Amino acid sequence: MIEAGKTYLVMGLLDADSLAFAIGKTIERFGGRVIYTVQNEVFKKRFLDRAEALSRQEIEALDLRFCDVTVDEEVQELFADLGPLRGLVHSIAYANPNTCLGEEFHTSEIDDILLSHHISCVSLATVLRHAQPSLKDGGSVVALSFDTAHVYPYYNWMGVQKAALEALVRALARRHGRDLIRVNAVSAGPLFTKAASKIPGFGSLTSLWETVSPLPWDTLKDKQAVADAVTFLLGPYAQKITGQILTVDGGAAITGGALMGFEKRAHPPD
Ligand SMILES: NC(=O)c1ccc[n+]([C@@H]2O[C@H](COP(=O)([O-])OP(=O)(O)OC[C@H]3O[C@@H](n4cnc5c(N)ncnc54)[C@H](O)[C@@H]3O)[C@@H](O)[C@H]2O)c1
C-alpha cells in the first residue's frame, strides 16, 4: 500500500498502545522504513521504556527522534536532520482533562484551550511548513481525527480542536497540491490508548459506540483497521485523494440514534 523502501515519519509515539505504533508497524509490514517522534526524553523513559508489550531489543531497534510540536525550533531541527520522506503521520493531540474535558463544557482556563488548540491543530501546519523540503518529490500527510459531525459528552474542547484540525487539513490540501503533497485525515472510533484513558467518561463513549455502530467495533483490535486506512492514504492507491476525512469507525457516525434490536448481529464474534 505504501512505497516499499521509502521513509515515513510517524509523529506521536508514546507507548505500544499508541495509534502511532500500530501505524508504524503497518508501514513496516508493507516494506517502508519508519522514523518515529516521541514528545521528549522524559516521556520515553516514563512510557515507552516501561511498555510491557515491548522487549528492550524492540525498543532499541526503533528509530526515534524527540520533538515537542509547540516548539518551532524543535520541529525545524527535526526535519533538518531527516533526509527525504515519502509521507508523514501526525498522531498528536492534547487537552487538559481537568479543564478542557469532562462533565462541564465551560472553563475560564483560556490558556489550556489555546495550548490544546496549538498541539492538536496548529501543529499540523507547523510540521508541514518545516517538512516541505523533506517532501520535495511530493508525498502524503495524514492526521488523526474523531467524529466532528456530532457533539459527544466529555469530549468538549477536543471536539472543537478536531473540527479545526479537519478544516486545517482542507486548507493545507489546497495550499500543497502545487507541491504534489496530499493532506488527509482518518477519523477513528474510540480506541484504548493513553490519550483516550485521560478522557473522563471514555468508558461511556465506548459503550455508546456499541449501541450505534452497525459493524462490530473493538476498542483494541480495530487500531489495525485505523492503521490500514492511514497506510492507504499514505500510499499511491490514494494518489488523487486530498483534503478528505476518511472515517473508520464501524459506521457509528452515520447512524441516527441507537440501533434497533433487529439491526444487531445475531451472533456476535467471541
Ligand atoms: N484513541 C482514540 O480513541 C482516538 C480516536 C480518534 C482519534 N484519535 C487521535 O489519534 C491521535 C493519537 O492519539 P492516541 O489515541 O494514539 O494516544 P497517545 O497518547 O498514544 O498519543 C498522543 C500523542 O500526542 C503526543 N503529544 C501531546 N502533546 C505533544 C506535544 N506538545 N509535542 C509532541 N507530541 C505531543 C503525546 O506525547 C502522545 O505521543 C490523536 O490525534 C488522537 O486525538 C484517537
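Me: Which residues does V75 touch, not counting residues up to four places away in sequence?
Reply: Happy to start there, with a word on the model. This is a predicted model, in which local features need pLDDT of at least 70, side-chain atom pairs count only at pLDDT 80 or more, and totals for chains, interfaces and linings use all residues. Residues are numbered from 1 along each chain as its sequence is written. Taking contact to mean C-beta atoms, placed from the backbone, within 7 Å, V75 touches C67, V69, T126, V127 and H130.

Me: Is V75 buried or exposed?
Reply: V75 lies in helix α4 (residues 72-80); helices are DSSP runs of H or I with at least four residues, strands are runs of E with at least two, and both are numbered from the N terminus. A residue is buried if 20 or more other C-beta atoms, placed from the backbone, lie within 10 Å of its own, exposed if 12 or fewer, and partly exposed in between. V75 has 22 such neighbours, so it counts as buried.

Me: What span should helix α9 have?
Reply: The expected span is 1.5 Å times one less than the number of residues. Helix α9 covers residues 223-234, which is 12 residues, and its end C-alpha atoms are 16 Å apart.

Me: How many residues of α9 are buried, and which elements do they pack against?
Reply: The count is 10 of the 12, so α9 is largely enclosed by the rest of the structure. Among the buried ones are K223, A225, V226 and F232. They pack against β1 (7-11), α1 (19-29), β4 (87-90), β5 (139-145), β6 (181-188) and β7 (245-248).

Me: Which residues come nearest to the ligand?
Reply: The shell takes in residues whose C-beta atom, placed from the backbone, lies within 6 Å of the molecule. α1, β5 and α7 (194-197) each supply at least two of its residues, and α7 gives the most, with 3. Of the 26 residues around the ligand, the nearest are S18, A93, L144, T193 and A195.

Me: What is the phi of N156?
Reply: Most residues other than glycine have a negative phi. N156 is found in helix α6 (residues 156-176) and is buried, with 25 other C-beta atoms within 10 Å. Its phi is positive, near 25°.

Me: What is the phi of L180, and where is this residue found?
Reply: L180 is not a glycine, yet its phi is positive, at about 60°. With 14 C-beta neighbours inside 10 Å, L180 counts as partly exposed. It is found in the loop between α6 and β6.

Me: How far apart in space are T99 and T193?
Reply: T99 is found in the loop between β4 and α5 (110-131), where it counts as partly exposed with 19 C-beta neighbours inside 10 Å. T99 and T193 are 94 residues apart in sequence. From C-alpha to C-alpha, the distance between T99 and T193 is 20 Å.

Definitions and conventions
Two residues are in contact if their C-beta atoms, placed from the backbone, lie within 7 Å.
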